[in-house]
Structures are given as structure tokens and as C-alpha cells.
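Colleague: I am new to this structure and would like to go through it with you. Could you put it on the screen, please?

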Amino acid sequence: MKVLLIATNTLTTPYPVYPLGLDHVADAIRADHDVKIADINALGDIKPLIGIIDSFAPDVVGMSLRNIDNTDQRDQRSFVAGYQGIARTVRNHTEATLVLGGSGFTLFPREMMNVLGADYGIVGEGERLADLLKAMEEKAPVTGIPGVVTREGSGKIPRPLAGPFGRKHLVKSPHLPYYLEHGGMLNLQTKRGCPFSCIYCTYPHIEGKKLRLIQPEAAARDALRLQDAGAKYFYITDSVFNSHTAHSMAVAEAFIAAGVKIPWGAFFAPMKPPEGYFELMARAGLTHAEFGTESLCDAVLKKYGKPFCATDVFKAHKAALDSGLYVSHFFLLGGPGESENSIGETLTGLIKLTRSVFFFFTALRIYPHTDLYDMAVAEGQISASTPLLEPRFYASQEIPPDGILARLGNHAKGRPNWVLGSGGESASRIVARLYERGHTGPLWEHLIR
Ligand code: B12
């Protein structure tokens with residue numbers, strides 16, 4: 001079959017993100033099908049898509065839905081209307097079967113099926129598209145194929161894939177140069193799953209709770225492929241890179257052994273690291289450590305279900321700084337248990353987090369399948385029938401988002417390393433200009449004070 005996979009994500013904050021998920025999907029079906037990836041970022045617009053559809057004449061079109069919205073209550077952006085535009089273009093120019101997938105789809109399968117009028121969807125891992133295509137070719141029933149959602153059927157998350165799932169190829173697709181020319185950042189995955197139980201987080205739902213590890217040597221081969229393709233930097237997209245300390249260390253060792261030379265970044269939980277952990281990471285090429293810190297008040301961290309306390313944050317921070325890394329911390333303020341006092345504790349604690357950048361989100365988006373959802377329903381903030389495709393945010397009972405913003409705003413004045421939200425359009429323009437001048441990486445290190 002001819003399968004056209006569309007990367008629909010055109011958001012450029014904090015930077016354009018290479019559509020890694022589609023490489024994995026394409027890998028899984030390439031042996032049996034003719035696959036093409038069309039990336040709207042690289043095409044610059046949806047109009048060129050029409051030419052691709054006309055010339056390729058796909059039997060199946062897959063749309064990758066990564067982001068639903070930007071999860072920023074102060075500067076809300078929804079991407080659903082953009083996806084509707086793409087789906088309309090597809091429907092107007094081909095009779096091909098339309099299949100949806102991606103992390104955003106996995107969070108809202110039924111809603112996205114309805115809004116885009118798709119034929120099928122796949123929740124969770126898109127490698128399962130292979131099974132759907134096989135059933136379509138054999139005209140066999142598709143209900144019962146793990147992960148497959150039909151117009152009528154529900155979208156239950158299937159058991160995670162068994163067997164190896166690492167990227168096997170980096171095809172020199174037409175979209176690769178776009179990312180090499182806009183920051184030079186590519187990405188890779190070293191494991192799937194998240195074993196933690198943070199009350200607001202979707203990762204265990206999207207990837208499963210059980211960690212599934214890619215062999216460190218295979219991850220290193222992937223990194224080398226990115227390097228050989230001209231990447232100047234890569235990001236490890238694992239939910240939490242140090243959720244399996246030993247494996248993350250083995251990956252770092254494998255990078256060193258394989259001769260990976262380009263810098264990289266990853267997302268870490270600020271748990272107390274073993275001796276020498278960040279030194280090893282730095283030797284393997286890690287330059288940017290992004291910590292999902294969320295709060296510096298132990299009572300709030302406990303309420304959020306975080307696997308660390310404030311003391312661990314300070315230890316992880318120091319270890320990363322001492323290893324010469326650029327360090328940033330992401331904060332999620334305003335959730336259950338947040339109060340004037342807890343905000344005060346976080347603000348006081350921040351003084352100890354020297355030489356770093358802070359990204360503050362002042363409200364927690366409520367997602368289905370999370371404990372926060374249950375709390376919000378129990379507290380009457382939403383009801384079980386409240387639609388959530390349009391974002392709804394949890395509000396602390398004790399301090400409203402405005403109160404948090406007012407306190408943060410006072411402190412943030414004159415401090416460029418205190419970033420509220422994702423930085424918005426102005427940050428996006430600055431980043432684009434720096435990339436044009438040849439800068440690479442996430443660039444937040446320029447804000448460090
Ligand atoms: C790593 C990551 C980042 C990194 C990306 C770095 C990089 N260079 O790649 C950073 C930190 C920059 C980031 C930023 C943002 N992110 Co983010 N990110 C993630 C994370 C943890 C992993 C994504 C990933 O690459 N996974 C690995 C690949 C292999 O998996 P995948 O793309 O999901 O693809 C698989 C399946 O989804 C499926 N699939 C994918 N496409 C298709 C297509 C078809 C047809 C099919 C059948 C299947 C299929 O198959 C693939 C293989 O199994 C996810 C959460 C998660 N655990 O999934 C959030 C996530 C995608 N991010 C999210 C958001 C919101 C954002 C931001 C908007 C946040 C912000 N306000 O700045 C920005 C947007 C950036 C941008 N320009 O798009 C949300 C999206 C949900 C939503 N509400 O919209 C997620 C789901 C987290 C969450 N809050 O729930 N992110």
C-alpha cells in the first residue's frame with residue numbers, strides 16, 4: 001500500500017521539534033509498504049501537500065497529532081483548527097483512508113476522531129499501524145487489533161508493544177534539512193514508559209508505566225546516525241531520562257564508546273544522583289539538564305506525587321552545575337496543596353538554585369486518566385461530562401492563578417532567567433533569529449544568570 005504520513009506540528013516554541021514518532025511508524029511498515037513522510041514545517045504551508053497527495057496517490061494517509069494545545073493558561077493556543085484544515089485538504093484531494101495517531105491523539109482519541117472525521121485511529125504506539133494495514137489489505141475485521149479505534153469503537157490503551165522498538169533508520173527524508181537548518185536539533189528515544197505517579201501527568205498513560213529499555217548500544221547507533229546526518233545537537237525524548245539510573249548511565253557509556261561527539265539535552269527528575277552521575281553524562285556529551293522540579297515545597301511535592309523532595313532538588317542541581325552543565329528547572333505552580341505559604345517556600349528556595357533558568361507554568365492542565373482529573377471532579381472544578389479537548393486548568397483552593405502570577409511577576413522583573421510559560425511568540429522569534437545566525441541547541445543557556 002502507499003502510505004503518506006503527515007507531520008502536522010508547526011509549533012516553533014521553544015523550537016521546531018523533529019517528528020521522531022513518524023520515523024518509528026515508518027520503520028514499522030517500510031518493509032511491506034511504500035511510505036512517504038510529509039512535514040508541514042518543512043513544506044512551509046499546507047498547500048504543497050496537495051501536490052504530494054496528487055503525485056503520490058496514497059491509499060492511506062496517517063496524521064500525526066502531537067500537540068493539542070500549548071498547555072499555557074496565560075497564552076492559550078489550540079492546534080485543533082489547524083488539524084481540521086489539514087484533514088479537510090486530505091479529504092478534498094484523496095479517497096485514501098484517514099488514520100490518526102500521536103501522543104495528542106492518544107490523550108483525546110474519541111474527540112479527535114469526531115472533530116477530524118477520521119476512519120481509524122491508533123492509540124499508543126504507532127508501530128501497530130502495521131497490523132491495521134495488514135487487516136485492511138486482507139479485508140479482515142479491524143476491531144480487536146490492539147490500539148485501533150474505529151469511528152464507533154472506544155480507544156482503550158492496549159498493552160505496550162513487546163519486543164524491540166528503537167529507530168532503525170534515519171531516512172534522508174525531504175524534511176531533514178529543515179531541522180538541520182533551523183537549529184540543527186534532532187532527537188532520539190532510549191526507553192519508553194514512566195514508572196512515576198505524578199498526579200497531573202499523562203506520560204504513564206501515553207507510554208505505559210513499565211519501563212521498556214532500548215539497548216544502550218542501539219541508542220548510541222541512533223545517536224551516531226543523527227551525527228552523521230549533520231545534527232548539531234540532539235534531545236533525548238524519554239519521559240524522564242534518569243527514571244532508570246543504571247540504564248541512563250549505560251547509554252552515556254555507550255555514547256562515549258561509539259564516539260558520539262555532538263552535544264545533547266534531556267529531561268531529568270531532580271532526584272539525588274549517584275556519585276559521579278552528571279560527570280559521566282557531561283563526558284558523554286550532555287550539555288543541558290532540564291529538571292522537572294515543579295515546586296520547592298515538600299508538602300506540595302508530596303501532594304503532586306513527586307519521587308523527590310526539595311533537598312534532593314538542591315543536591316541534583318549542585319551535582320549538575322559542578323559537572324559544568326547548563327541547568328534549568330520547570331515549575332508547575334497552583335496545583336493541589338498550593339497556598340501563599342507554599343509559594344513563599346518555593347520563592348525562598350529558588351535563591352539556592354544559582355546559575356540556572358526557571359520556566360514557570362502557573363496552572364495545571366487537567367487530563368483524563370490522571371489523579372488530578374479525579375480530584376478536580378471530586379472538588380467540583382469540572383464534572384465527569386466536562387469536555388477537556390479545550391483545556392481546563394486546575395485551580396488551587398487556596399491561591400488563585402492571578403495571585404501566583406502577581407507574586408511571581410514581582411520577582412521576575414529584571415530577571416531574564418525567570419520565564420513565565422513557554423515564552424510565547426516573542427521567544428519564538430528570538431530563537432528563530434539565533435538559529436538563522438547559526439546558533440544551535442535549546443538556547444535557554446543565554447538566559448542563565
Ligand atoms: C520530549 C517531549 C518534549 C520535548 C521535545 C524535544 C525534541 N527535540 O524532541 C520538549 C521539551 C521540547 C517539548 C516541548 C513541548 N511539548 Co512536549 N513532550 C515530549 C514527550 C515527553 C515525548 C515526545 C516524544 O518525542 N516521544 C517519543 C516518540 C517516538 O513518540 P511519539 O511522537 O509520541 O510517537 C509515537 C506515538 O505517538 C505514535 N504516533 C506518532 N505519530 C503517529 C501518526 C500515526 C498515523 C500513528 C498511527 C501513530 C503515531 O507512534 C509513535 C511511535 O510509537 C511527550 C509526552 C510523552 N511521553 O509522549 C510530551 C508532549 C508531546 N508535549 C506536550 C506539549 C504540550 C509540549 C509543548 C507545547 C509545551 C510547551 N508549552 O512548551 C512544547 C511543544 C514543542 C513543539 N515545538 O512542538 C504534550 C502534548 C499534549 C497537549 N496538551 O497538547 C505532551 C503529550 C506532554 C503532555 N503534557 O501530556 N516536549
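Colleague: At what angle do the axes of helix α10 and helix α11 cross?

Modeller: This is a predicted model, in which local features need pLDDT of at least 70 and side-chain atom pairs count only at pLDDT 80 or more, while totals for chains, interfaces and linings use all residues. Residues are numbered from 1 along each chain as its sequence is written. The axes of α10 (residues 216–228) and α11 (residues 245–258) cross at roughly 50 degrees and come within 8 Å. Axes are lines fitted to C-alpha atoms, for helices over the stretch in contact, with angles from 0 to 180 degrees between N-to-C directions. Helices (H or I, at least four residues) and strands (E, at least two) are DSSP runs, numbered from the N terminus.

Colleague: Which residues of α10 make the contact?

Modeller: Among them are Pro216, Ala220 and Leu224, while α11 contributes residues including Val251 and Phe255. Two residues are in contact if their C-beta atoms, placed from the backbone, lie within 7 Å.

Colleague: Now the ligand: how many residues surround it?

Modeller: The ligand is surrounded by 44 residues, the closest being Gly21, Gly62, Ser64, Gly101 and Gly126. A residue is near a molecule or strand if its C-beta atom, placed from the backbone, lies within 6 Å of it. By class, this shell has 18 nonpolar, 20 polar and six charged residues.

Colleague: Which element gives the most to that shell?

Modeller: That is α1, with five residues.

Colleague: And how is the chain divided?

Modeller: There is a domain 1 (2–150) and a domain 2 (183–447), with bounds from an automatic or database domain assignment. Their centres, taken over C-alpha atoms, are separated by 27 Å. In domain 1, 23 residues are in contact with 29 residues of domain 2.

Colleague: Which residues does a cis peptide bond join?

Modeller: Thr13 and Pro14, with omega about -5 degrees. Pro14 is placed in the loop between β1 (2–7) and α1. Most peptide bonds are trans.

Conventions
Ala, Val, Leu, Ile, Met, Phe, Trp, Tyr, Cys and Pro count as nonpolar, Asp, Glu, Lys and Arg as charged, and the others, Gly among them, as polar.
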